[in-house]
Amino acid sequence: MRIERPLGLSELLAETVRVYGERFVSALGLGLPVAGAFVATLYVHAALDVVVVSLAFTATYAAAARFAAGDSIGEAWAQTLARLPTLLVLTVIVAVPFALALGQLYLFLVAAAWLGAMGFSIPVAMLERDPEATTWYSRLESSLYGSVRLARVELLHAIGVVCALVIAYIVLGIVLAAALAGFADNEETVAVALSQVVLAPFFFLALSVLYFEQKARALSSRGERA
């Protein structure tokens, strides 16, 4: 993927639709872990729900970043596994706080702000390589620094896009699950899982497009200062 200029929300969504639509069947492979995580929460202790969902969040976001960059779905997941130590720590730093905050309606803006500021660390870990980062700890540090660096370019834009994406994801998830539950008398669990297979790829691809767009903003900002 190559984005050479800052995008508005509508343009970002249109780019996400293009990326998703061009490889729709392959992209559905991004939704399977999220669907599995939602089903798993029905069978694990409630205290583990956040852990299960957070792990699926990080893994899917990581694979989506590689997929958006042009990798096949198989290569995207292979690259995700190759960076597992760094991604596990990022799960604790990024995904768990986001999931905990999102679970409380009054902390919605906190959740969006956290993901808008720190969420770029996941695609940075997947797509950027610091030649001086030779250990998993140094790669983790580089990823977190990279996220802050990108977020600072236009933090309010990043948070606003995340807010829009999360709201759309929740609302469309409810509507689609209800529709699927009524279609062919699907059970509620099956309906929720099927809705995630379709919606999760769009959500995480949109976050990935936001990463590329924020990089374009960073380059544009440097050009203006130069």
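Trainee: Which residues is Glu213 in contact with, leaving aside its neighbours within four places in sequence?

Mentor: Glu213 is in contact with Ile3, Arg5, Pro6, Leu7, Leu12 and His157, once neighbours within four places in sequence are left aside. Keep in mind that this is a predicted model.

Trainee: Where does Glu213 lie?

Mentor: Glu213 lies in helix α11, which covers residues 188-225.

Trainee: Buried or exposed?

Mentor: Glu213 has a relative accessible area of 0%, and buried means under 20%, so Glu213 is buried.

Trainee: Which backbone atom lies 2.8 Å from a polar atom of its side chain?

Mentor: The backbone nitrogen of Leu7 lies 2.8 Å from a polar atom of the Glu213 side chain.

Trainee: Which element gives the largest share?

Mentor: α11 does, with 7 residues. The lining has 31 residues, and Phe38, Val53, Leu102, Tyr169 and Ile170 lie nearest the centre of the pocket.

Trainee: How does that lining divide into nonpolar, polar and charged?

Mentor: The lining of the largest pocket has 22 nonpolar, 7 polar and 2 charged residues.

Trainee: And how much space lies in the second largest pocket?

Mentor: The second largest pocket holds about 300 Å³. It is lined by 17 residues, and α9 gives the most, with 7 residues. The lining of the second largest pocket divides into 7 nonpolar, 4 polar and 6 charged residues.

Trainee: Which residues lie nearest its centre?

Mentor: Ala125, Glu128, Arg129, Arg139 and Ser143 lie nearest the centre of the second largest pocket.

How values were computed:
Residues are numbered from 1 along each chain as its sequence is written. This is a predicted model: local features need pLDDT of at least 70, side-chain atom pairs count only at pLDDT 80 or more; totals for chains, interfaces and linings use all residues. Side-chain values use heavy atoms; hydrogens and water are left out. Helices (H or I, at least four residues) and strands (E, at least two) are DSSP runs, numbered from the N terminus. Buried means under 20% relative accessible area, exposed over 50%, partly exposed in between (1.4 Å probe, protein chains only). A polar contact is a pair of N or O atoms within 3.5 Å; within protein, one must be able to donate a hydrogen and the other to accept it, and residues adjacent in sequence count only if both atoms are side-chain atoms. Contact means heavy atoms within 4.5 Å. On a 1 Å grid over the protein atoms alone, a cavity is a set of points where a 1.4 Å probe fits but cannot get out, and a pocket is an open set with protein on both sides within 12 Å along at least five of seven lines; lining residues have an atom within 4 Å of a point. Ala, Val, Leu, Ile, Met, Phe, Trp, Tyr, Cys and Pro count as nonpolar, Asp, Glu, Lys and Arg as charged, and the others, Gly among them, as polar. Grid points are joined across faces, edges and corners, and a volume is the space filled by probe spheres set on the points.
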